[in-house]
Amino acid sequence: LLYAMTPAMVFVFTLIVHSERPSARKILGILIALAGASLIMFERGAALHSEHTLGNILIFVAVIAWSLYTFFGRPLVVKYGAVYITGLNMILGAVLYLPFGLLTTSAGTILSISSTAWMGMVLRIHLRLASFTHDDLIETRLMIEQLACRKAAGVTDDQQMRDLRQL
């Protein structure tokens, strides 16, 4: 439930940065979200030694981080489109987490690797991503969507697909 505060936090950031005057309805919504989150966080009291306190703090930090990302990322989505920005986020996220995924065993320990091997792995990832153009991303996405449409419609050839488009 605490993570559901993200829309309220985005609205608060919008108010702070753009100096807008909120409506009574929006203020009421933010207060209800804060009351609900507070109720969950402090249902057993406000003791800082609670076993849930660290988790609640981490989730609240995640809410702030995601709200800031949403707030500052909105102009990029408007300019470049949601699909393109989401694709870039997925690629960047995969690149950032890949080394940890490759070096982590099922027991959760990180294997040792030399700095030369690290640099080689980073260079290979960079070279692979450098050759991946925006047009390739769009073409791949279109092919996947066309295939999904064909399967959903039960279409087997291009003529049937053209006939469906004209409907």
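H3 buries Thr53, Asn56, Val63, Ser67, Phe71 and Gly73. Buried means under 20% relative accessible area, exposed over 50%, and partly exposed in between, with a 1.4 Å probe and protein chains only. Helices (H or I, at least four residues) and strands (E, at least two) are DSSP runs, numbered from the N terminus.

A word on the source. This is a predicted model, in which local features need pLDDT of at least 70, side-chain atom pairs count only at pLDDT 80 or more, and totals for chains, interfaces and linings use all residues. Residues are numbered from 1 along each chain as its sequence is written, and side-chain values use heavy atoms, with hydrogens and water left out.

Now the geometry. H3 has 28 residues, so at 1.5 Å a residue it should span 40 Å. The expected span is 1.5 Å times one less than the number of residues. The end C-alpha atoms of H3 are 39 Å apart, which agrees. H3 also has a kink of about 40 degrees at Gly73, shortly before the proline Pro75. The bend at a residue is the angle between axes fitted to the seven residues ending there and the seven starting there. After H3 comes Gly81, with a positive phi near 100 degrees.

Next, a neighbour from another helix. Thr6 sits in helix H1, residues 6-18. Thr6 is buried, at 8% relative accessible area. Leaving out residues up to four places away in sequence, Thr6 touches Val63, Trp66 and Ser67 (heavy atoms within 4.5 Å). Val63 and Ser67 are among the buried residues of H3.

Trp66, Tyr69, Thr70, Gly73, Arg74, Val77, Ala82, Ile85, Thr86, Asn89 and Met90 line the second largest pocket. Helix H3 (53-80) and helix H4 (82-103) are the elements that give two or more residues to this lining. H3 gives the largest share, 6 residues. Gly73, where H3 has its kink, is one of the lining residues.

On a 1 Å grid over the protein atoms alone, a pocket is an open set of points where a 1.4 Å probe fits, with protein on both sides within 12 Å along at least five of seven lines; lining residues have an atom within 4 Å of a point. The volume of the second largest pocket is about 170 Å³. By class, its lining has 6 nonpolar, 4 polar and 1 charged residues. Ala, Val, Leu, Ile, Met, Phe, Trp, Tyr, Cys and Pro count as nonpolar, Asp, Glu, Lys and Arg as charged, and the others, Gly among them, as polar.

How values were computed. Points joined across faces, edges and corners; volume = space filled by probe spheres on them.
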